[in-house]
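Good morning, and thank you for coming.

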Amino acid sequence: MIVEHVQTSVRKEATEITSIVEEHVKNIKSGIVVVYVPHTTAGVTINEAFDPSVVEDLLNELTRLVPYSSHYKHLEGNADAHIQASIIGSSVTIPVENGKLILGKWQGVFFVEFDGPRNRKFFIKIIEG
Ligand code: ZN
């Protein structure tokens with residue numbers, strides 16, 4: 001199991017981690033890689049990495065759907081972040097062939113922070129076969 005770290009700088013932020021994941025699979029002939037985020041207010045997703053306004057829209061719309069508010073039962077003040085993290089999810093699985101992630105032309109892997117800034121980690125698990 002590989003551990004990587006992300007330092008986020010604002011409360012809600014998407015950080016592209018495609019190259020970090022790809023670096024770890026470069027010697028894998030065939031298999032899958034699981035990227036897993038062990039946090040309750042951050043997640044991981046795959047979406048367009050070419051136009052940065054796509055992930056900006058994603059964060060803006062998740063904020064509009066689940067606004068920061070005091071009406072939630074969870075009293076820590078970050079209930080919005082918990083809900084947004086569950087919507088995004090905590091893992092992605094990507095096929096690997098000949099040392100490359102099998103991603104579409106425009107796809108990238110993003111660590112998505114909902115309650116930053118924080119020092120975060122994510123796991124990379126490679127299964128060959
Ligand atoms: Zn909380």
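Pro 117 lies in the loop between strand E7 (107-113) and strand E8 (119-128); helices (H or I, at least four residues) and strands (E, at least two) are DSSP runs, numbered from the N terminus. The model is a predicted one, in which local features need pLDDT of at least 70 and side-chain atom pairs count only at pLDDT 80 or more, while totals for chains, interfaces and linings use all residues. Residues are numbered from 1 along each chain as its sequence is written, and side-chain values use heavy atoms, with hydrogens and water left out.

The peptide bond from Gly 116 to Pro 117 is cis, with omega near -5°. In another loop, between strand E5 (91-97) and strand E6 (100-101), we find Asn 98. Asn 98 is a residue other than glycine with a positive phi, near 50°.

I turn to the metal. Which protein donors does the zinc ion have? They are His 74 (NE2), Glu 76 (OE), Asn 78 (OD1) and His 82 (NE2), lying 1.8 to 2.2 Å from the ion. Donors here are N, O and S atoms within 2.8 Å of the metal (3.2 Å for Na, K and Ca); water is not among the atoms, so sites may look incomplete. Along the chain, the donors follow the spacing H-x1-E-x1-N-x3-H. The four donor atoms subtend angles of 91 to 152° around the zinc ion, which makes the arrangement irregular. Four donors count as tetrahedral if all angles lie between 85 and 135 degrees; four count as square planar and six as octahedral if opposite donors are over 155 degrees apart and all others between 65 and 115; anything else is irregular.

Finally, the helices. H2 passes H3 in a right-handed crossing, meaning that the near helix is turned clockwise from the far one by less than a right angle, anticlockwise being left-handed.
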